[in-house]
Structure formats: structure tokens, C-alpha cells
Amino acid sequence: MTPKTMKTILAGALPAVFLMLATGPASAIDFYLRAEAITKLMPDPAGGPDIPIAMWAFARDDLFQGLELEAASIPGPRLVVPPGDTTLNIHVDNNLAVPISIVMPGQVTALTPTMFTDATGRQRARAFTHETPAGNLTAVTYSWTGLRPGTYLYHSGSHPQIQVQMGLYGAMTHDAVVGQAYGGVAYDTETLLLYSEIDPAIHAAVAGGTYVPFGDPATQMTSTVGYEPKYFLINGEPFRPGITTDIPVGSVGTTILLRFLNAGQQSKAPLLLGQYMHVVSENGSLYPFSKERYVLFLPAGNTRDALMTPAVGQDGRYPIFDRMLNLSNAGAPTPGGMLRHLVVTP
Amino acid sequence: MKGQCLTISRGCTVAVMLAAVSWATNAAAAITGITGSSFSLTAKAGHIAGGDGVSLLTWGYSDGAGTMQYPGPTMIVNQGTIVTIDFRNELPVASSIIFPGQVGVTATAILGTGVPGMLTLEAPASSAATTTIRYTFTADHAGTFQYQSGTRPDLQVDMGLIGVLIVRPSGFPLDQWAYNHVDSVYDREYLFLYSEMDYTFHFRTELGLPVDTTTSWPVYWFINGRSLPNTVDPDNVPWLPTQPYGALVRMHPGENMLMRSVNARGNVHPQHPHGNNHRVLARDGRLLESTAGAGADLAETIFTANYTPGQTEDAIFYWTGYKLGFDIYGHAPGDPLEPFEYAPDHGKPLPVFLPSQLEITYGGGYSGSPFLGSMGDLPPGNGGLNFFGGMMYPWHSHHEKEVVNNDIFPGGAFTLLIIESWGTPIP
């Protein structure tokens with residue numbers, strides 16, 4: 001079951017949709033995200049039926065507890081903030097059984113960490129900012145002003161080693177000017193590539209109630225130290241031979257923007273075979289000079305923006321694969337993992 | 001070849017007359033490889049030796065019908081050449097070659113039938129007698145590039161199907177440049193191809209058992225296909241028939257030494273070349289330049305290089321003993337200057353009193369003298385690995401766990417730089 005895709009291939013279409021939904025002052029945009037428990041199907045390495053993985057995912061509503069606009073998905077709904085909006089408000093409805101929150105590395109806001117007192121009487125942080133309690137009846141809001149242009153990850157700031165792994169992450173993009181990702185960085189078409197991982201053992205422990213910090217190591221998972229992901233996703237799906245479709249990214253003679261994000265816990269190295277990329281930014285910060293590379297270093301939690309400018313005659317199908325070689329679906333001997341084919345039309 | 005002692009002041013000084021062996025640049029100081037425009041590579045199985053003596057089944061590329069080698073042959077071509085590589089496959093699985101950084105690579109079966117794979121056209125299993133895949137591209141950019149298997153790379157790259165492609169700029173060898181700009185001039189070049197292996201992949205493959213590549217946990221690390229202590233052996237030693245390339249680095253003070261570095265495996269390696277910073281000129285076969293033709297005006301000097309998997313990097317390393325604070329040759333103030341010697345330190349004494357020999361334990365790399373090009377007395381059984389009185393620096397991965405051979409130190413991705421005096425010939 002493929003999640004609702006947010007891959008924008010024509011700049012301008014989605015921002016117009018979001019402008020219509022904006023409430024409040026013209027320079028602000030509001031999104032209503034709802035956290036749900038879902039099941040996601042991953043390929044069985046032995047070739048049997050797909051394996052259900054318990055996950056937590058964001059959905060998007062039109063209002064707090066209003067009508068669903070986008071079903072819960074991995075990654076979560078892409079938040080496209082139009083160039084004119086410099087204030088972003090995310091209102092959260094939490095249908096999980098644990099408190100969550102939202103942080104957005106690279107965007108500046110005041111954080112109010114949620115603290116608790118541990119068994120030895122010490123003040124410890126449980127979340128990077130204020131929380132949305134389980135089953136909240138009124139919206140809890142997270143706001144950013146003076147929004148910077150670029151490509152950013154949003155994710156839970158509560159117990160992140162569990163909650164982000166469980167699926168509470170998504171992308172936020174904000175162009176400086178219509179058709180320019182940053183001032184002076186114009187593009188014709190864009191594609192978002194969000195990398196993430198699944199360690200099924202953690203999901204099973206969380207869903208089964210056997211993830212217990214300070215629990216009994218013999219029967220419970222007491223930490224994520226033994227993290228060993230088995231599924232490697234781009235935009236929420238591993239590569240499945242014969243099933244995964246090519247990604248049309250644009251045509252020759254144009255400027256194609258590739259937005260890379262890594263919501264996983266391990267670094268990745270997307271390698272574009274047959275073309276070079278011009279990497280223009282990292283984590284929303286524009287480089288003074290772009291970097292001409294065929295392989296990109298994408299650490300955990302990072303974003304990169306890169307431009308492809310295929311010349312006339314360079315139409316074709318370009319593989320992009322993780323050169324850290326996360327290319328298997330849980331050990332299956334067939335191609336899988338972080339592989340896609342980008343199609344450039346003549 | 002040892003020099004004659006001229007003076008006996010602070011030990012023996014190697015005769016400067018040996019410096020008649022030219023210190024002008026040259027072509028002898030080049031990376032070992034195969035040249036031309038048409039190549040034949042065959043994927044085949046063999047065994048390599050880890051630095052602890054383990055024997056690992058390896059899949060590597062051979063030059064034509066030759067012995068399997070790890071890494072594959074370093075192909076050296078001239079810019080603008082139309083390169084054709086005829087690939088045959090003797091492995092029990094389908095395989096292929098991809099060329100990151102090359103644009104417009106075509107792949108066709110010139111004999112038999114290829115199989116379209118995820119990344120390129122593949123040769124079926126055990127098809128060397130019936131199938132040849134020809135990969136063709138124009139090497140239109142100078143630089144350092146890698147090649148590797150394009151079939152199940154998560155397994156086949158670990159198994160050893162990696163290699164390097166070097167493209168010489170137009171005008172080479174008249175100008176010993178790495179790119180088409182004087183910023184990339186060099187006197188000698190060395191290759192550093194970093195890789196690693198999870199030995200369970202190799203043992204299981206040898207036994208015909210399936211491999212789950214998501215469990216990858218390498219414990220052997222290599223530079224140019226060898227682990228310490230073999231990294232410091234010369235090229236083509238008979239006891240490493242499937243690992244032809246060494247990684248010992250030797251240079252004279254003042255030379256521009258071009259480091260061509262390639263990360264061929266799947267993890268980041270923070271390489272730490274002691275002795276000086278190095279100036280990175282290019283990555284992924286492209287000069288770090290602000291605009292075309294500007295040269296390496298965006299070059300950066302660093303002391304630890306984090307190579308992204310798949311990435312290549314070209315850098316210049318330079319050493320003169322600048323501001324070490326003592327005369328590295330042990331000169332008296334009236335002695336003539338050596339080439340590239342830092343004149344303000346000329347004649348300055350060693351700033352410490354060396355303890356007596358009976359109070360020190362010597363490693364094999366100590367020549368008996370702290371001065372460059374000098375030898376000295378050593379107690380019996382000490383030293384012996386420093387034939388010319390050079391100054392040795394470790395060049396190693398700074399992921400300290402990678403300087404071992406399956407948990408035995410020293411080993412892994414560790415080699416040596418030896419700064420040799422100008423009297424010492426370096427092949």
C-alpha cells in the first residue's frame with residue numbers, strides 16, 4: 001500500500017493549494033497534524049507475504065479534529081510553506097498513547113523542554129520542547145517565525161530515539177521566492193528524496209509493550225543501543241524490483257532541484273550514476289559556491305539541496321543509490337533498499 | 001643504496017653527492033597501473049591475505065586473463081580518450097561494472113546476451129566463454145575516479161569488485177598536472193584506495209551460504225587492497241600475488257605529492273595523514289573552483305579527510321620541516337642549506353638532550369639518529385627498518401577501530417609516510 005505521495009514535480013501547484021487553506025494573518029500558515037498508530041507493510045526477505053510493521057505516523061486535517069486531507073503516511077505530510085509566509089504554526093492532535101512534540105532543526109524558535117524527576121531525584125529532559133499529551137482535546141501548537149528558506153525535517157522532539165524511528169517525521173520546504181529555493185537559486189522542477197530506516201525489532205517491542213527502559217534485559221528491550229535497521233526507505237518505501245516506479249524529475253535543458261533529507265539514524269551517501277549534481281546547501285544554509293559532486297554525504301538528520309542540469313541529449317534513466325550500500329530488504333538476495341531511478345525526459 | 005659518511009659530528013650524514021640522482025620531477029614517481037584506451041576486465045574469484053594472515057575468498061577484476069587482483073587494475077587513460085572496457089564474468093553470480101562520475105556510459109553485449117540490471121547491463125553468471133559486455137565512455141574530464149560492480153553492490157563491493165580509473169589531463173606528461181591547471185602540479189603521486197571487508201560475507205560465500213548484507217560488520221580494513229603490515233610492502237611482492245599494490249609513501253622535502261584518495265567501500269573513513277595538513281584540490285573528479293578555469297581557488301587545507309563512500313579526492317601534501325624549531329639535518333651553522341630547507345632553523349640544535357641508549361627502547365623505524373638522512377649507532381637487535389634515516393609518519397584511519405586486523409593491533413588501514421633526505425633515491 002503506497003502512502004499518499006507528496007512528490008511535487010511541478011513547482012507552483014502545491015503552494016497555491018496551501019495558500020487557499022491558510023488561516024490567520026497573511027504572513028502565517030497553519031497546518032493541522034494528527035498522530036496515529038498505523039501498520040506499514042514491508043517485504044518479506046524469504047519471499048512470503050509482506051510483513052506488517054507497527055508504526056506511528058502523521059496525518060493532515062483541515063482543522064483540529066476536522067476533516068482528513070491526507071491519510072497518515074511515512075514520511076508524514078510534506079509541509080509546503082509558500083514564499084510569502086514567514087510564520088509557520090503546526091497544531092497537533094495526538095491519538096497515540098504517549099506524549100509527542102514537534103521540532104524542526106534549522107528553524108529558530110524558543111523551546112521549553114519538558115522535564116521529569118528521575119529515580120535518583122535528578123531533573124531530566126523528556127522532550128526538547130513542550131509536549132502534546134496523549135489524546136489531547138485541544139490543539140497544541142508549535143510555531144516558528146522568521147522562517148528561513150530551504151529544506152527541513154520536522155520530527156518528534158519527545159523520546160526521539162523511539163518516536164522518530166517509529167515514524168514521526170516529515171519534510172518542510174519553504175522557497176525564498178516562487179521558483180527559487182533560496183534567493184538566486186532558481187529551479188524548474190523539484191523532487192523530494194527523504195531517506196529513513198526501519199529496525200523491525202524496535203517496532204515490535206514498542207507495539208508489544210516490551211520496550212521498557214530499566215526493564216529486564218532478558219525479556220525486554222531496554223534501549224536502542226542495539227539498533228540494526230533492516231529496511232531502508234526512500235519516501236517511505238524500500239526498492240521492490242518490478243514494483244517500484246521510476247521518478248520523473250524533469251527534462252533536459254532545465255534545472256532540476258533534488259531535495260535530500262535523512263530522517264534515519266545513520267549517514268547515507270546518495271550516488272547519482274551518469275550525471276553530476278551541484279550541491280547548493282546543507283541544512284538550509286546556502287553555500288557561497290556550489291559543489292559539483294556525483295555522491296552526496298547525507299548524515300542523519302541532515303538535508304541537502306542539489307541541482308541537476310542535464311544537457312540536451314542527456315535524457316534517460318539515472319539510478320540514484322545509497323553508496324553506503326543499504327541496498328537489501330532485510331537480507332533478501334535481490335535488489336532493494338535505497339535505490340531509485342530518476343527519469344529525465346528529452 | 002646507502003651513502004658514504006662524510007662527517008662524524010652528530011652521526012653519519014648521507015652523502016649529498018647522491019643527490020645527483022635527479023630531484024627534478026618525474027614520471028618514475030607515478031601510480032602503478034595499466035594504460036591505453038581498450039581494456040579487458042574479468043570478474044573472477046581468488047583469495048587474498050588479511051594482515052593477520054587470514055585467507056579470504058575474494059571476487060576481483062583481473063587484467064584480461066590474468067590473476068584476480070584486489071583492487072582491480074588501476075586504469076590510466078588520457079583525457080578525451082574513448083575508453084572501452086570489455087567485461088567477462090567467471091563468477092557464479094551475475095556481475096557488471098559501473099563508472100561513477102562518467103557521463104554517457106553505454107553498455108552493450110558484443111558477444112552473447114547481457115541481462116539488464118538495476119544499475120547497468122550485466123553479464124550472467126559463469127558466462128566468460130560466451131558473453132562479453134562492452135562498456136564505453138569518453139573520459140572527457142581529468143581526475144581520479146572509481147569503478148565497481150553494479151550488481152548487488154552491497155555484497156559484490158565487499159567481496160572485492162572495486163578499482164580506480166585515473167584520467168590524465170591533456171598535455172600530460174609535459175606538465176605533470178592532475179587537472180588542466182597549474183594549481184594541480186605535482187612531483188610524485190600516490191594512490192590511496194580505502195576499502196574494508198566483513199569476513200563473514202567471504203566465508204559464507206565460499207561455503208555457498210546466503211549473506212544478509214544488512215548485518216555488515218567489517219573487521220578488516222585495507223589501503224590499496226592490503227592491511228598493515230602489508231601496506232608498507234612494495235608493489236608486486238611475490239607473497240601477495242592477488243594484492244599487487246602497496247601503500248608506502250616516500251617523498252623528499254619540498255616536493256608536491258599528489259594524494260589520489262578513493263573511498264571504495266560503504267563507510268566514512270576519517271583519514272589522518274600525519275606530518276602536515278594537505279591541500280584538497282578536487283573532489284569527485286572536479287577541481288574545487290569558483291568558476292570554470294579559475295583553478296583550485298576553493299582548495300581547502302585539512303588534516304583529517306572524511307571521505308564519503310564512493311567519493312574521490314585529490315590533494316597535495318607538502319613537507320619541509322617548516323618551523324620544527326631545530327635543524328632537521330643536524331647541520332652546523334656553516335653547512336650549506338639543503339633544498340627547501342627552512343633557513344631560519346638552520347644550525348639550530350635539537351632542543352632536547354637525548355637520553356642514553358640504555359634508557360630507551362627503540363622501534364624498528366628509528367635510524368639511530370634524530371636527523372633526516374642520518375644513521376646512528378643502535379643496540380643490537382634494534383631499528384633496522386629505516387634504511388635511509390628518513391622521518392616516518394603514520395597515515396591511518398582515525399576511526400581507531402580500523403587500525404586493526406580483526407581486533408589485533410596494529411593493522412588495517414594504516415600505512416607510513418617516510419620523508420627521505422634529498423640524497424636518497426626514491427623510485
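1. Over the ring of which residue does the charged end of A:Lys291 sit? The ring is that of A:Tyr287, and the charged end of A:Lys291 is 4.2 Å from its centre. Note that the model is predicted.

2. Across all chains, a search of the whole structure finds 19 aromatic pairs. One of them joins B:Tyr199 and B:Tyr220 in an edge-to-face arrangement, with 6.3 Å from centre to centre and 75° between the planes. B:Tyr199 belongs to helix α2 (residues 199–206) of chain B and B:Tyr220 to strand β14 (residues 220–223) of chain B, so the pair ties together parts 21 residues apart in sequence.

3. The two tyrosines of this pair can also be described by their accessibility. B:Tyr220 is buried, at 2% relative accessibility, whereas B:Tyr199 is partly exposed, with a relative accessible area of 27%.

4. One aromatic cluster in chain B is made up of B:Tyr61, B:Phe87, B:Phe99, B:Tyr135, B:Phe137 and B:Tyr147.

5. Chain B contains an open sheet of five strands with mixed pairing, in the order β15-β25-β24-β17-β21. At its edges stand β15 (249–251) and β21 (305–307) of chain B; each has a single partner strand, so one side of each lacks a neighbour in the sheet. On average, neighbouring strands of the sheet are turned by 20° against each other, direction ignored.

6. For β15(B), the pairing with strand β25 (residues 414–419) of chain B is parallel and runs over three bridges. B:Met251 has B:Ile419 as its bridge partner in β25(B).

Definitions and conventions
Residues are numbered from 1 along each chain as its sequence is written. Chains are lettered from A and ligands numbered from 1 in the order in which they are written. This is a predicted model: local features need pLDDT of at least 70, side-chain atom pairs count only at pLDDT 80 or more; totals for chains, interfaces and linings use all residues. Side-chain values use heavy atoms; hydrogens and water are left out. Rings of Phe, Tyr and Trp (its six-membered ring) pair if their centres lie within 6.5 Å; planes under 30 degrees apart count as stacked, over 60 as edge-to-face and the rest as tilted. Helices (H or I, at least four residues) and strands (E, at least two) are DSSP runs, numbered from the N terminus. Buried means under 20% relative accessible area, exposed over 50%, partly exposed in between (1.4 Å probe, protein chains only). A charge sits over a ring if NZ of Lys or CZ of Arg is within 6 Å of the ring centre and within 35 degrees of the ring normal. Two strands pair if DSSP finds at least two bridges between them. Axes are lines fitted to C-alpha atoms, for helices over the stretch in contact, and angles run from 0 to 180 degrees between N-to-C directions.
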